[in-house]
Amino acid sequence: MTKDWYAPAHMLFAAVKYKIIDPSEVIISNLSNSLILIGYPYLQQGITEIFNPGVATRSAGYAFYISTEGYMMAGVFGFIYNSALILLSLAFWRKLASTNSKELNNIMLGLMGCMLVNLVRGQGSYFFKYLYTFIFPSIYLYAALSGQSLSLKIKSRLLKKS
């Protein structure tokens, strides 16, 4: 338990103890880290520097749960931020798995399911970054290799009433 759960939760404990609530840093870090080659520090690096300086870099340091990001964004109301971020992101991902190909939909849901643990144990920027580094290339490869032309199914109550 202590090896797998304490270190990531440690970031939340530290953020609460040191009252690290900085919405602008959360937004800047997520925007920067959703792109490649920017090199902006992850959110865990700033927290770690407070209680254990010189340990965290972009490639090494304590793990980070998305719940810590919520606290950094909105304090004790961070659960609202986390709920909205996760719900909207997963709803968008689910929409991507609504193509005209049942096989691709199943593949996409499997790929997305495999990434959920990474998303919970990282910051919100990964929801976007995984789209263009993993999901979209997978869709393209599937379409190219299967020779299929893909389209999203768009369901709208407004269209049905017309």
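The following legends describe close-up views of a predicted model.

**Figure 1. Overall fold of the predicted chain.** The chain contains 8 helices and 0 strands, and its elements follow the pattern α-α-α-α-α-α-α-α along the sequence. Helices (H or I, at least four residues) and strands (E, at least two) are DSSP runs, numbered from the N terminus. Of the 162 residues, 36% are buried (buried means under 20% relative accessible area, exposed over 50%, and partly exposed in between, with a 1.4 Å probe and protein chains only). Among contacts between residues at least 6 apart in sequence, 64% join residues at least 24 apart; contact means heavy atoms within 4.5 Å. Residues are numbered from 1 along each chain as its sequence is written, and side-chain values use heavy atoms, with hydrogens and water left out. Because the model is predicted, local features need pLDDT of at least 70 and side-chain atom pairs count only at pLDDT 80 or more, whereas totals for chains, interfaces and linings use all residues.

**Figure 2. Packing of helix H2 against helix H4.** Two packed helices are described by the angle between their axes and the distance between the axes. Here the axes of H2 (residues 23–33) and H4 (residues 66–74) come within 6 Å and cross at roughly 130°. Axes are lines fitted to C-alpha atoms, for helices over the stretch in contact, and angles run from 0 to 180 degrees between N-to-C directions. H2 and H4 are therefore oblique to each other (angles under 35 degrees count as roughly parallel, over 145 as roughly antiparallel, 65 to 115 as roughly perpendicular and the rest as oblique). H2 contributes Pro23, Val26, Ile27 and Asn30 to the contact, and H4 contributes Glu69, Met72 and Met73. These residues divide into 5 nonpolar, 1 polar and 1 charged, where Ala, Val, Leu, Ile, Met, Phe, Trp, Tyr, Cys and Pro count as nonpolar, Asp, Glu, Lys and Arg as charged, and the others, Gly among them, as polar.

Figure 3. Pro23 lies in helix H2 and is partly exposed, with a relative accessible area of 34%. Not counting residues up to four places away in sequence, Pro23 touches Met72 and Met73. The C-alpha atoms of Pro23 and Ala74 are separated by 7.0 Å, although the two residues are 51 apart along the chain. In H4, the buried residues are Ile66, Thr68, Glu69, Gly70, Tyr71 and Met72.

**Figure 4. The largest pocket.** This pocket has a volume of about 230 Å³. On a 1 Å grid over the protein atoms alone, a pocket is an open set of points where a 1.4 Å probe fits, with protein on both sides within 12 Å along at least five of seven lines; lining residues have an atom within 4 Å of a point. Grid points are joined across faces, edges and corners, and the volume is the space filled by probe spheres set on the points. The pocket is lined by 17 residues, of which Gln44, Phe64, Arg121, Gly122 and Tyr126 lie nearest its centre. Helix H3 (43–51) and helix H7 (125–146) are the elements that give two or more residues to the lining. The lining residues divide into 8 nonpolar, 7 polar and 2 charged.

Figure 5. Lys19, in the loop between helix H1 (2–17) and H2, has a positive phi of about 50° although it is not a glycine. Lys19 counts as exposed, at 63% relative accessibility. Leu37, in the loop between H2 and H3, is likewise not a glycine and has a positive phi of about 65°. With 85% relative accessibility, Leu37 counts as exposed.
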